[in-house]
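Here is a short briefing on one chain–chain interface and one ligand site. Keep the sequence and the 3D view open as you read.

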Amino acid sequence: QDKIGACLITKTDTNPFFVKMKEGATAKAEELGIELKSFAGKVDGDHETQVAAIETCIADGAKGILLTASDTSSIVSAVKQARDAGLLVIALDTPLDPIDAADATFATDNYKAGVLIGEWAKGKLGDAAADAKIATLDLNVSQPTVDVLRNQGFLDGFGIDLADPNVIGDESDPRIVGSDVTDGNEEGGRRAMENLLATDPEINVVHTINEPAAAGAYEALKAIGREGDVLIVSVDGGCPGVQNVKDGVIGATSQQYPLLMASLGIEAIAAWAKDGSKPQPTEGKDFFDTGVALVTDEPVDGVDSISVEEGMDKCWG
Amino acid sequence: MEPILKGRNLVKRYGKVTALDHCDFDLYPGEILGVIGDNGAGKSTLIKAVSGAVTPDAGEVFLDGKKVKFASPLDARGAGIETVYQTLAMSPALSIADNMFMGRELRKPGVMGKWFRKLDRPAMEKFARDKLSELGLMTIQNINQAVETLSGGQRQGVAVARAAAFGSKVIILDEPTAALGVKESRRVLELILDVKSRGIPIILISHNMPHVFEVADRIHIHRLGKRLCVIKPGDYSMSDAVAFMTGAKEPDPEMLAA
Amino acid sequence: MEPILKGRNLVKRYGKVTALDHCDFDLYPGEILGVIGDNGAGKSTLIKAVSGAVTPDAGEVFLDGKKVKFASPLDARGAGIETVYQTLAMSPALSIADNMFMGRELRKPGVMGKWFRKLDRPAMEKFARDKLSELGLMTIQNINQAVETLSGGQRQGVAVARAAAFGSKVIILDEPTAALGVKESRRVLELILDVKSRGIPIILISHNMPHVFEVADRIHIHRLGKRLCVIKPGDYSMSDAVAFMTGAKEPDPEMLAA
Amino acid sequence: MGSEMSETTSRSDDYESVIGQSAQGIAEFDDDRHGLIHKVQHALHVTPSLVPLIVLLLSIIIFGILLGSKFFSPFALTLILQQVQIVGILGAAQSLVILTAGIDLSVGAIMVLSSVVMGQFTFRYGIPAPMAIAFGLACGTLCGFINGWLVAKVKLPPFIVTLGMWQIVLATNFLYSANETIRSQDIAAEAPMLQLFGAKVQIGGAVLTVGVIFMVLLVVVLAYVLKHTAWGRHVYAVGDDPEAAELSGVQVKRTLISVYMLSGLICAFAGWALIGRIGSVSPTSGQLGNIESITAVVIGGISLFGGRGSIMGMLFGALIVGVFTLGLRLLGADAQWTYLLIGLLIIAAVAVDQWIRKVSV
Amino acid sequence: MGSEMSETTSRSDDYESVIGQSAQGIAEFDDDRHGLIHKVQHALHVTPSLVPLIVLLLSIIIFGILLGSKFFSPFALTLILQQVQIVGILGAAQSLVILTAGIDLSVGAIMVLSSVVMGQFTFRYGIPAPMAIAFGLACGTLCGFINGWLVAKVKLPPFIVTLGMWQIVLATNFLYSANETIRSQDIAAEAPMLQLFGAKVQIGGAVLTVGVIFMVLLVVVLAYVLKHTAWGRHVYAVGDDPEAAELSGVQVKRTLISVYMLSGLICAFAGWALIGRIGSVSPTSGQLGNIESITAVVIGGISLFGGRGSIMGMLFGALIVGVFTLGLRLLGADAQWTYLLIGLLIIAAVAVDQWIRKVSV
Ligand SMILES: Nc1ncnc2c1ncn2[C@@H]1O[C@H](COP(=O)(O)OP(=O)(O)OP(=O)(O)O)[C@@H](O)[C@H]1O
Ligand SMILES: Nc1ncnc2c1ncn2[C@@H]1O[C@H](COP(=O)(O)OP(=O)(O)OP(=O)(O)O)[C@@H](O)[C@H]1O
Ligand SMILES: [Mg+2]
Ligand SMILES: [Mg+2]
């Protein structure tokens with residue numbers, strides 16, 4: 001075999017987050033002379049396409065797979081098949097269930113990302129947090145893992161009792177006005193925001209699954225002239241998102257580093273192909289944490305954050 | 001004698017259009033009843049109402065003196081009434097044999113038929129071919145042709161053959177020879193007489209006066225959605241019948257009671 | 001005299017079925033040409049081939065002596081050939097007027113028509129109602145009825161009225177009176193003679209021998225996919241014609257050349 | 001011979017000689033059904049799009065009773081209009097195609113691609129906004145033309161053509177835009193014309209957007225065109241029975257191609273309206289456009305088999321879904337339950353529709 | 001009077017008297033087209049499902065040439081079978097419904113719900129696996145029955161019924177399963193029967209799974225049933241022209257309900273097969289089942305208008321998509337390019353199909 005083959009399998013390749021992940025992987029692969037094939041589910045939660053992708057990689061004789069799994073536990077048997085066939089499987093962004101089903105995990109902690117924006121929002125509101133009116137704009141009704149982690153992290157950070165931390169929407173805290181789904185895009189963000197505003201026009205804290213949804217929510221608020229007095233928080237840290245933080249559209253966002261995950265993953269596959277060495281997890285965790293940082297120009301005591309300028313330097317798309 | 005099939009006071013409206021206007025109807029055992037009338041007079045609607053294909057807005061249907069309410073043509077068929085509708089009612093994409101046996105398919109004898117419910121195609125095809133030959137429809141070159149590929153007359157022939165082969169109590173034919181050729185029409189008339197000789201009464205709707213006068217025992221003249229009168233072909237000439245049905249002449253008052 | 005519409009050596013096969021078998025065909029100016037033949041003999045296929053509705057596998061069609069290749073019925077219509085197909089070719093869900101004017105709608109005069117391209121419905125409806133009254137189709141109660149709700153004969157009447165109203169060079173009628181009543185059939189025959197008196201030649205396919213013998217100038221006898229012979233109604237009796245077309249009798253050899 | 005002929009004639013004629021004296025005039029019947037109910041029934045019978053309208057009004061009333069002023073506020077009611085505008089515009093495109101017995105799975109994709117073209121042409125190439133919009137509209141029309149050409153000339157099933165087109169256009173969209181969003185703030189600053197459809201218009205007490213007005217006008221104009229022009233009748237004829245239409249003189253292919261082109265153009269307008277609605281140009285929006293527009297069309301009573309139904313019904317269909325969605329959210333159902341209930345209500349709405357139709361015969 | 005009657009008779013009879021001597025026998029014609037090509041054409045004409053088969057073989061050959069042993073390996077080829085098994089099984093259910101001129105948007109959702117029922121009944125309530133599987137199958141059948149009942153008895157359009165059902169079933173699935181996956185390891189340990197369809201079977205050199213064999217058998221059995229039993233002919237008749245079918249004695253409603261029930265049952269089997277394929281019970285799987293199965297059906301040459309086409313064609317259609325997908329991925333096209341090319345290839349495949357049909361008339 002002339003070239004080392006590697007596969008990148010993402011949840012979708014329409015979400016900018018994964019697009020950037022792919023760019024990072026492609027750039028690194030080119031640098032290291034690895035032949036990279038990328039795969040993606042058709043929609044969020046499209047599990048079978050990912051299984052088919054793993055099988056294709058095996059058929060293709062690739063050396064390793066970088067995987068952001070849609071269904072973290074169901075994928076395990078396919079992953080096992082790949083590992084049995086001698087491929088290195090690295091989970092990116094989302095850990096598998098159980099986490100050791102993959103050879104290694106390069107992830108961001110989505111729960112922590114949620115906690116950060118939750119704490120920030122609570123701190124920002126100060127005393128008003130006690131009677132805040134919260135709306136959460138989530139991903140879709142199938143409640144994929146990221147969705148749950150970010151949502152529950154946020155509520156946890158805000159100091160709300162989670163009931164079952166694996167389920168969105170079972171909280172009984174009266175401060176929660178409601179949640180709606182956005183499909184993670186502007187259109188869905190706007191629609192969901194409008195629906196929730198119609199339920200309660202007093203909403204003043206909005207958690208959004210990602211920055212496009214936040215931008216949509218902002219449009220809905222603007223349409224009724226409330227864009228100034230609602231706190232929108234989000235997760236991702238893409239360049240337009242950080243720009244939106246700067247413009248005051250989003251109050252704060254938790255920045256993640258898909259490019260870093262991807263390039264680290266490629267390097268790990270290269271190493272594995274060369275001498276069979278596997279990457280090691282971060283000290284004290286069972287995965288390699290690529291980090292998350294809160295981006296805002298209005299820092300709050302007790303919550304670590306970086307400035308928008310720093311965020312712009314590190315943003316990914 | 002009690003009519004075998006009887007309709008009383010039947011009404012059917014389609015939006016603004018009145019197709020049946022308090023219409024009565026009688027068919028006696030063993031007879032051939034001709035039904036004639038202008039286009040749109042409501043003949044087809046009448047036989048649809050008595051054969052369960054439409055539900056009348058008002059009125060009653062009696063079979064053998066018992067009141068019946070056919071919810072579907074299948075009900076009527078179950079009661080032994082076999083109908084050739086003017087639209088022929090065939091599944092265009094299916095073959096001639098499939099259409100002839102629709103709803104009463106023959107199964108292979110033995111295990112294949114009993115357990116695997118396999119159709120006995122050769123038998124059905126042979127039967128179909130025989131029945132069509134009886135009608136003189138020799139031009140059908142391929143018995144497995146889909147019905148939609150048949151010529152207009154061939155299609156009608158298939159429908160008539162089906163009704164004649166399976167009707168047990170009453171056979172209703174709505175313009176069975178409209179698209180048929182001279183030879184084929186003649187065969188249908190012979191078939192009708194043959195069916196009658198088996199004791200089965202027949203309703204024959206037709207615009208062909210000579211045919212109707214040739215085979216019918218009584219003629220029901222339909223006009224503007226109702227039965228205008230019933231005549232015997234021996235008592236009146238074709239011109240009289242045409243005059244009644246087109247409104248050129250009024251029938252005698254006592255005929256109306258008939 | 002040169003035929004106005006001529007077919008030579010036309011062949012059409014459908015899979016295993018041969019519908020036209022090297023068939024010739026001639027229509028002379030100003031005449032009424034009857035076409036008779038058994039069911040499935042290929043009459044409809046023949047007129048479809050000369051009117052652009054099917055493309056023959058082989059053979060040529062000439063209009064006014066010039067070879068033509070109609071890619072679609074619209075081409076033929078553009079050349080002035082108006083056809084009533086046996087299947088009537090109407091859009092079931094549309095109204096009578098819509099169907100009559102399909103493809104040559106009338107627009108309102110003035111701005112509404114020119115700029116907003118608005119149809120002149122009242123004018124089209126009036127025209128439709130007039131043409132149908134000419135045919136004696138008085139039973140049509142509602143001129144805005146969808147065609148699918150008409151009775152079989154009413155539907156046919158609409159198709160015939162359309163062809164007669166718009167044909168300019170040749171009018172082809174495939175069994176125009178099959179579903180029509182006595183009165184309506186008679187009106188169609190009158191209409192045919194009327195059209196002829198306007199100098200327009202007509203092809204009339206029919207299974208009704210008396211009708212064909214009454215109006216046709218020449219009769220094309222079709223058998224087994226080809227023209228068997230052409231006769232003049234004055235020279236032969238109906239029995240002869242029927243004998244030829246059913247194969248009971250062979251025509252004289254010299255007739256075949258005709 | 002002459003004598004034989006006349007004999008023949010007289011034969012077939014004899015019993016027909018009385019026809020000359022036959023009755024004239026059109027038959028009329030007493031109708032013993034009178035009164036208001038019958039009038040309503042008749043109105044429903046001749047104007048089928050009234051039925052979804054009734055269902056719509058019923059659902060507004062029910063939610064109004066349940067929710068009171070929360071739902072009956074100008075805010076909520078105009079919100080519904082704004083939320084359905086995209087589906088409404090796409091539904092207009094979809095209706096045209098479905099009336100020809102086709103189906104267009106690519107409407108959403110064409111919409112998004114057109115909006116991306118408008119945005120990228122302005123921001124990537126620096127073309128003035130009006131020109132870029134024209135390119136976007138042309139792009140949609142072109143996609144529609146390809147659909148139409150494949151359906152009409154190559155005679156492929158519309159489902160397949162537009163399924164392929166959907167994937168092709170969506171992939172092109174992602175490849176071309178590199179999944180980059182153009183932010184609302186940038187558009188407002190540099191090319192506000194792109195957001196035209198989002199502009200607010202005060203009419204009486206209600207606040208409407210240009211997009212909403214466009215949707216309503218579009219449907220009204222199309223309803224006129226379909227009903228009162230030759231082209232419109234041809235669309236119905238083609239959908240009803242393409243063979244019969246061809247035989248009776250409709251240029252079936254040309255009609256089909258024009259329908260798909262117009263549908264593409266309308267989708268491109270929907271793309272423009274999308275920018276107005278969400279502010280930004282986002283390549284990931286509108287992915288459910290096809291299924292939502294088909295739903296609106298079918299609830300509105302247009303037959304998927306072509307040739308039957310009215311485009312007004314589609315608008316009511318879209319609004320019915322909009323009312324349900326918002327109403328249920330306001331009642332406090334969470335996302336999963338809303339999803340479930342909307343499923344139920346769609347079936348119920350069409351069942352009521354069917355029932356009214358039956359009663360109104 | 002008697003004399004007049006006999007006169008009448010003789011009149012209509014006179015020219016018909018010769019009929020007795022008319023020719024007998026069925027017409028036969030020379031056919032001047034002979035040879036292999038004509039035979040092939042004829043075979044194609046009478047067996048329409050051969051056409052997608054040809055397209056399938058062509059695409060396998062082309063990818064084989066381009067990719068060599070990577071594609072022609074038993075692993076890759078059986079992989080395609082494994083990858084299409086779910087779509088193939090769902091496609092069988094979909095074919096039945098589409099043959100009746102319906103459409104079933106709920107196939108994927110019913111499949112997932114059934115698999116969740118099988119899993120949750122075993123693990124949540126501790127019911128033995130075979131019983132739980134029976135409940136799962138019953139659940140699918142019930143969903144199908146509701147669909148069929150609404151379509152046949154309430155006479156709602158199948159698109160609407162199954163659209164509503166899709167949403168209802170999917171939401172129920174999420175609510176009931178609480179989005180929880182049951183892990184493969186647990187199933188293997190406690191209820192291996194749930195994974196039965198994933199069991200491997202060595203046949204010669206090829207490795208097949210029970211699921212793949214089930215799919216093939218299912219299609220073969222259904223092809224037999226549709227062609228050689230009365231019920232099968234009724235399915236075609238109902239799809240062809242339901243009114244004509246009703247008039248000619250088919251129990252249209254019963255046939256429709258049985259079709260939807262069978263379709264639901266097959267979807268439930270697909271759910272079982274899904275557990276075998278992915279190992280675990282995952283409530284988020286199979287969301288694209290409807291569109292993928294419809295695609296397979298349409299590429300396979302079954303008309304969306306009902307009554308025409310064969311279920312074998314559906315299987316070839318599913319395989320065509322499977323071959324394209326794997327082939328393109330192995331050629332190294334990335335995801336969006338693959339979608340784009342698959343879009344193109346679907347159109348091309350059907351165009352070739354259409355062309356072969358035309359040539360073969
Ligand atoms: N489904 C329908 N909707 C509306 N009107 C209808 C419907 N079916 C029939 N009609 C109308 O009812 C009247 C009677 O129709 P019918 O078919 O019974 O006539 P008919 O006597 O059979 O005529 P024909 O001899 O032409 O077949 C006609 O005016 C027709 O237009
Ligand atoms: N589309 C088709 N596919 C296959 N066979 C066909 C098709 N159309 C016609 N045929 C066959 O061609 C032959 C001629 O049909 P055609 O319709 O021309 O007969 P016809 O003379 O008009 O008969 P009729 O008097 O009954 O209308 C018939 O045997 C018919 O079955
Ligand atoms: Mg009738
Ligand atoms: Mg014919």
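**Interface of chains E and A**

The contact (heavy atoms within 4.5 Å) takes 34 residues from chain E and 31 residues from chain A. This is a predicted model: local features need pLDDT of at least 70, side-chain atom pairs count only at pLDDT 80 or more, and totals for chains, interfaces and linings use all residues. Residues are numbered from 1 along each chain as its sequence is written, chains are lettered from A and ligands numbered from 1 in written order, and side-chain values use heavy atoms, leaving out hydrogens and water.

- Chains E and A bury about 2,700 Å² between them, 50% of it on carbon and sulfur atoms. Buried area is the accessible area (1.4 Å probe) that two parts lose on being put together, summed over both.
- The interface holds 3 salt bridges (a side-chain nitrogen of Lys or Arg within 4 Å of a carboxyl oxygen of Asp or Glu).
- One salt bridge joins the side chains of Glu55(A) and Arg277(E), at 2.7 Å, N to O.
- Helix 5 (74–99) of chain E gives the most to the side that touches chain A, with 5 residues. Helices here are DSSP runs (H or I, at least four residues), numbered from the N terminus.

**Ligand 2**

- Ligand 2 lies between chains B and C.
- It has 22 residues around it (a heavy atom within 4 Å); the closest are Ser151(B), Gly40(C), Lys43(C), Ser44(C) and Thr45(C).
- An oxygen atom of ligand 2 is 2.7 Å from a polar backbone atom of Gly40(C).
- For side-chain N or O atoms, an oxygen atom of ligand 2 is 3.0 Å from Gln154(B) and an oxygen atom is 2.9 Å from Gln86(C).

Note on methods
Helix = DSSP H or I, 4+ residues; strand = E, 2+ residues; numbered from the N terminus. Polar contact = N/O pair within 3.5 Å; in protein donor to acceptor, adjacent residues only side chain to side chain.
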